Amino acid sequence: MEFLSYLISGISLGSVYAIIALGYTMVYGIAKMLNFAHGDVIMVGGYMSFCAMSYLHLPGWVSVLVGMVVCTLLGIIIEALAYKPLRSAPSLAVLITAIGVSYLLQNSALLIWGANPMSYPPVISGTLHLFDGQLSISYVSIITVTACVLIMLGLTAFTSKTKMGKAMRACSEDKGAAQLMGINVNRTISLTFAIGSALAAIAGVLLCSSYPTLMPTTGSMPGIKAFTAAVFGGIGSIPGAFLGGLLLGIIESLAKAYISTQLSNSIVFAVLIVVLLVRPAGLLGKYVPEKV
Amino acid sequence: MKMKKKIAWSDYMTYIGVTIAFVIVSFLKKGGALNRSQLGLLVPICAYITMAISLNLTVGILGELSLGHAGFMSIGAFSGIIAAMSLVNVIPYDGVRMAIAMVVGAVMAGIFGFFIGIPVLRLRGDYLAIVTLAFGEIIKEILTCLIVGVDAEGLHILINIDGSKTASDLNLLEGGKAIIKGAQGAVGTKTIASFTAGYILIMISLIIILNLIRSRSGRAIMAIRDNRIAAESVGIEITKYKMMAFVTSAAIAGAAGALYGLNYSSLAAAKFDFNTSILVLVFVVLGGLGNIWGSIVAATVLYILPEALRSFADYRMLMYAIVLIVVMLATNSSKAKDLLDKLKPAGKEEEQ
Amino acid sequence: MKKILAMLLALSMIFALCACGGSKEETKTETETPAAEAAPAAEAAPAAAAGAFKLGVQGPLTGGAAIYGTAVVNGAKIAVDEINAKGGIQFELQAQDDEADSGDKAINAYNALMDWGMQVLVGPVTSGSGVTVGAQAYADRVFCLTPSGSSVDCIADKDNFFQVCFTDPNQGVASADYMAKNYAGAKVAVIYKNDDAYSQGIRDTFVKEAEAKAVEVVYEGTFNESTQTDFSVQLTAAQAAGADMVFLPIYYTPASVILSQANAMGYAPTFFGVDGMDGILAMPGFDTALAEGVMLLTPFSADSQDALTQNFVAKYQAAYGETPNQFAADAYDAVYIVAAALEAAGCTPDMDAAAICEALIPVMPTISVDGVTGQGMTWAASGEVSKAPMAIVIKDGVYVTP
C-alpha cells in the first residue's frame with residue numbers, strides 16, 4: 001500500500017514536470033531554442049493567479065484564466081522584444097538572452113512582490129480516501145494528472161489536425177521551405193510562444209497548488225527538472241515530454257522512498273545519463289543520422 | 001604564411017595584454033590606490049577568467065555546450081583545499097602549498113573529466129549539454145555528503161550517504177582537524193590564494209590553451225567542430241581529440257577552483273550549482289566563442305558589473321539582467337549588425 | 001564583428017571600472033542614501049552625520065534567501081531610528097547584499113562596507129557567509145555581532161564574533177530535552193535539509209541527545225535545494241514508521257509545504273519546530289488552521305504581551321506592512337546590544353574599527369541586555385549567547401505558551 005502511495009505522489013509530481021516540459025518542447029521544436037526563462041513564466045503565472053485569488057477574491061477558475069492571459073501576453077512580449085531580433089543569431093546567443101530574461105523576471109518579481117514567500121491557497125482542496133483511509137489521493141493530484149493528459153492529447157491533436165498546428169510542424173521541419181509555402185514563420189513562432197506561456201500559467205497554478213509556496217525563485221528548479229524531462233523523452237516530441245516528465249517524477253519518488261533521500265536527485269540524473277547512452281536522442285526522440 | 005604570423009601576433013598580444021594589466025594593477029595595489037572592494041575582487045576575477053578560457057575550449061573550440069563546468073571547479077576547489085590544509089605542517093611556504101593545491105586540483109578534475117568524458121562525448125548537441133548538467137548536479141550532491149579530516153595518521157575520508165555521520169565520526173586523533181564537514185563544506189580553511197598566483201595561473205592556462213589551439217591537435221579539434229563527418233573521413237580520431245579538449249578544459253577549471261577555494265575560509269558545495277556554470281557560460285558567449293581574449297575581457301567586465309552596480313541597491317540585479325539582454329541584442333541582432341556595418345568604413349572587412 | 005565586440009566590451013569595462021573606482025570619491029553621496037532611508041525622520045540625519053557610528057549589515061537581499069536578509073535590515077532600521085531619536089549614541093546604517101553566498105559574494109559585500117568606513121558589523125545573516133566574513137573580520141579586527149548566523153563555526157576561534165541567536169547544537173539539545181520531558185515515549189521522525197548547515201547542525205545534536213535521553217527516532221528523511229517542492233514521500237514513510245511526532249529543524253517555507261501536504265494526506269502527528277519555524281503564521285495566504293498544534297522552541301514570539309515586543313511589532317507593521325519574524329527581532333536586538341556595549345565601553349564615533357573592536361571584546365561578557373528575543377541576555381567570551389528558549393504552541397492561529 002505504501003508503494004502505491006509513493007507511486008501516486010510520483011505520478012502527481014511527474015505530471016507537473018510533464019506540463020512544464022510540454023511548454024519547453026513546443027518552443028524548442030519550433031524555435032530551436034532552449035527557453036530558460038520558461039520556469040520563470042511559471043512563477044509569474046503562480047503570482048498572478050495568487051493575486052487574483054487573494055486580493056481580488058476571484059474564484060479559482062477565473063484566477064487561472066487571469067494567469068493564463070497575463071502569461072500569454074508576457075510570452076508574446078518577451079518573444080517580440082528579446083528573441084525575435086535574434087532569429088538569425090547563433091543558438092547560444094539566444095540561450096544567454098533567455099538567461100538574461102530569466103534573471104529579469106526573477107528580480108522584477110522580487111521587487112514587486114518582495115522576498116517573503118507566499119503560501120498558495122489550493123484551487124481545489126480535499127482528499128479522496130480509498131481502502132479505509134489507507135490510501136489517500138488529494139483532488140489536486142487527480143486534477144493535475146487529468147489536466148496533464150488532456151493538455152498532451154490536445155496539443156497532439158492541435159499539431160496534427162489544425163492548419164495552424166500543421167504550420168508549426170512545417171516550421172519545425174524546415175523554416176525556409178515553410179516560408180516558401182506561404183506560412184508566416186514569424187507569426188507561427190509567436191503563436192508557439194503564446195501557447196507555451198499559457199501552458200506555463202496552468203503549470204504554475206498546479207505546481208503551487210500541490211506544493212504551496214510561491215517565491216521569486218519558485219520556477220527555476222522545476223524549470224530545470226522539466227527541461228531534463230523534455231530531453232529525457234526526446235526534445236521536440238510532445239508525447240516524449242509527457243512520458244519524460246512522468247518517468248522523472250516516478251523515479252524521483254521511488255528513489256526517495258527506497259534508496260536515499262539525500263541522493264534522489266543524483267539517482268534521477270544517473271538514470272537520465274544511462275537512458276541517453278542507450279537512446280542518444282531520448283526515449284521518443286527521432287534520431288536523425290547526419291548526411292554528408 | 002601571413003595568416004600564421006597574424007595568429008602568432010594576436011597570441012603574443014594576449015600574453016602581453018594580461019601581463020600589462022597585471023603590472024598596472026600591482027602598481028596600483030602597491031601604491032594603495034585600490035580600495036578594499038577592488039582588492040577583494042582580484043583573486044575571484046583571476047579564477048573566473050581561468051574558468052572562462054577553459055570553458056571556451058569546450059564550447060568555442062570543441063563546439064560542445066557544457067552546462068556543468070562548475071562541477072569541475074568544485075572538484076578542484078575541494079581537492080585543492082584538502083591538499084593545502086593537510087600539508088600545512090609539512091610545507092610552511094604558502095606559495096608552494098598554493099602551487100601544489102592547484103596541481104592537485106587540476107589532476108583530480110582532469111581525472112574526473114576523463115571518466116565523465118567517456119559517456120558525455122558520445123552524445124551530441126543538447127543531449128550532451130543536459131548530461132553535463134546532470135553530472136554537475138551529481139558532483140554537487142556527492143560533495144555535500146563528503147566529510148574529510150586530517151591528523152597525524154593522515155587523511156580520513158567519509159561519504160555520508162545516509163546523513164547519519166558527522167565530523168566527530170572521523171575519530172580524529174588529538175590535534176587533528178576536520179577540513180570538510182559535509183553540508184557546511186570546507187570550514188576554517190587557511191586562505192593562501194594571492195593575486196600573483198592568479199596571474200601565474202592565467203598565464204599558464206593561456207599558454208596551454210593557445211598552444212593547443214595552434215597545434216596540429218588544435219586544428220583537428222576545430223575540424224571536428226566545423227564538420228565532424230568530414231574530419232572523420234580524413235582520418236582524424238574523433239574521440240581522442242574530443243577527449244583531449246574536454247580533459248584539458250576540466251583540468252584547468254580544477255586549478256581555477258583550487259585558487260578560488262583557497263581564497264575563502266569557508267566554502268560550501270552548494271556554491272557550485274547550475275547558476276555558477278551558467279555564469280561562466282555567459283562570460284564565454286559574450287566574449288565570443290573561440291575568442292580567448294574576449295573571454296578574458298568579458299569575465300572581468302561581467303564580474304565587476306554587479307559590484308559596480310551596488311549603488312543601485314535593490315535594483316542591482318535587475319540592472320545586471322537588463323545590461324545582459326541589451327548587450328546580447330546589440331551584438332547579435334541583425335538590425336544592430338546592419339547599423340554597425342554602415343558605420344564601418346568600406347573595404348575594411350573582417351578576416352571572415 | 002569581433003573587433004567591434006571587443007571594443008564594446010573594453011568600453012563597458014572602462015565604464016564599469018570608473019563606476020567602481022568612482023565609488024571612493026562618491027562614498028559620501030552613496031552613504032547618504034541608505035542613511036536617509038534608514039532614518040525616515042529626516043531631522044535625525046544631520047545629527048547622525050555629526051558623530052555617528054557606522055553600522056554595517058550584510059545579508060542576502062536578492063535570491064532565494066532574500067527573506068532573511070530583508071527582515072534583518074528592516075529590524076535593524078527600526079532599532080537605529082529609535083536609538084537615534086533618543087539622542088545619545090547615534091548610528092548610520094548601510095546594508096549590502098551577499099546573496100547568502102559563502103565565497104566571493106560574502107567578501108565583496110564585506111569589503112564594500114569596509115570601504116564605506118564601517119565600524120561595527122551587524123551580521124552576516126547566514127552561517128556560511130558568517131564563517132567566511134568572520135575569518136576576515138578577525139584578521140581586520142572588526143567587531144561582529146550576527147543576528148542569525150547560528151553555526152558554531154561562526155564563533156569558533158574568534159574573540160570578536162558574537163551571536164544574538166542560539167547556536168545550532170543548543171537548539172538540538174533543547175528540543176530533545178523538551179521532548180524527553182513532555183512527550184516521553186514519543187516516536188519521532190526527523191525531516192531536515194541536508195545541504196543546509198543550519199538544519200544539518202541541529203539534526204546532528206538532536207539525534208545524539210535523543211539517543212541519550214531515550215527519545216526514539218524512527219525515521220529520518222532529507223531534502224535539499226533541488227528537491228524541496230515535494231515531501232509526500234518523506235511524510236508517507238514517516239507515517240508508515242509509526243511516527244507520532246515530526247521534528248522539523250528547518251525554515252518555515254518548506255515547513256509550510258510539509259504541513260499542507262501532511263494535512264492533504266490525512267496525517268496528523270505533532271509537529272515540532274525550532275526558531276526557523278517562526279514566521280509561518282505571517283506567510284501571506286497561509287491557512288493557519290494547518291499549523292494548529294505545532295510546537296516550536298523559539299526565543300521570540302510576535303504575540304508576546306510585553307511592552308518591548310508590542311512596541312517593536314507595532315512599528316514594524318506600520319513600516320513594512322507585515323509581522324516581524326525571528327530574524328527581524330534578532331537584528332533589532334543586535335543593534336540595541338551594540339549600542340549597550342558601545343556605551344559600556346565608552347567608545348566614541350571617531351575611534352577606528354579596530355580600536356572599537358578591542359574595546360568591545362572585554363565588555364561583551366559583562367553586559368546584560370533585555371530585548372525582544374530574551375530578558376537578561378548575557379554572553380560568554382566565546383561569543384555564545386545565554387537566554388532561555390520558550391516552548392510555544394500554535395492555537396487558533398496565535399502562539400500561546402503551553
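Two residues are in contact here if their C-beta atoms, placed from the backbone, lie within 7 Å. Keep that cut-off in mind as you move through this predicted model.

**Stop 1: the two domains of chain C**

Start by colouring chain C by domain: the assignment gives domain 1 as 2-166 + 311-386 and domain 2 as 169-298. Now look at the boundary, where 11 residues of domain 1 of chain C are in contact with 11 residues of domain 2 of chain C. On the domain 1 side of that boundary you will find 3 nonpolar, 7 polar and 1 charged residues.

Of the 402 residues in chain C, 62% are buried. If you draw the contacts of chain C between residues at least 6 apart in sequence, 68% of them join residues at least 24 apart.

**Stop 2: a helix pair in chain C**

Next, select helix 12 (residues 326-345) and helix 13 (residues 353-363) of chain C. Their axes are 9 Å apart and meet at an angle of about 95°, which means that helix 12 of chain C is roughly perpendicular to helix 13 of chain C. Show side chains for C:Ala341, C:Ala344 and C:Ala345 on helix 12 of chain C, then for C:Ala359, C:Leu360 and C:Val363 on helix 13 of chain C; these residues make the contact. By class, the contact has 6 nonpolar, no polar and no charged residues.

**Stop 3: two loops in chain C**

Which residues does a cis peptide bond join in chain C? Select C:Gly123 and C:Pro124, where omega is about -10°. C:Pro124 sits in the loop between strand 3 (120-122) and helix 5 (127-140) of chain C.

Then go to C:Ala214, in the loop between helix 8 (197-212) and strand 7 (216-223) of chain C. C:Ala214 is not a glycine, yet its phi is positive, at about 60°. C:Ala214 counts as exposed because it has 9 C-beta neighbours inside 10 Å.

**Stop 4: chain A and its partner**

Bring chains A and B into view: 37 residues of chain A are in contact with 38 residues of chain B. On the chain A side, helix 4 (91-113), helix 9 (220-233) and helix 11 (264-278) are the elements that give two or more residues. Helix 4 of chain A has the largest share, with 12 residues. That side of chain A is made up of 26 nonpolar, 10 polar and 1 charged residues.

Staying in chain A, select helix 5 (residues 139-161). Its 23 residues should span 33 Å at 1.5 Å a residue, and its end C-alpha atoms are 32 Å apart, which agrees. Buried residues in helix 5 of chain A include A:Val140, A:Cys148 and A:Leu155. The buried residues of this helix pack against helix 1 (2-31), strand 3 (135-138), helix 8 (185-210) and helix 10 (238-258) of chain A.

Now step to A:Lys32, in the loop between helix 1 and helix 2 (38-54) of chain A. A:Lys32 has a phi near 55°, a positive value in a residue other than glycine. With 15 C-beta neighbours inside 10 Å, A:Lys32 counts as partly exposed.

**Stop 5**

Finish in chain B with helix 3 (residues 69-86), which reaches 26 Å from its first C-alpha to its last. Of its 18 residues, 17 are buried.

How values were computed:
Residues numbered from 1 in each chain as written. Chains lettered and ligands numbered in written order. Predicted model: local features only at pLDDT ≥ 70, side-chain atom pairs only at ≥ 80, totals over all residues. Helix = DSSP H or I, 4+ residues; strand = E, 2+ residues; numbered from the N terminus. Expected span 1.5 Å × (residues − 1). Buried ≥ 20, exposed ≤ 12 C-beta atoms within 10 Å, placed from the backbone. Domains from an automatic or database assignment. Nonpolar A, V, L, I, M, F, W, Y, C, P; charged D, E, K, R; others polar. Axes fitted to C-alpha atoms, helices over the stretch in contact; angles between N-to-C directions. Parallel < 35°, antiparallel > 145°, perpendicular 65-115°, else oblique.
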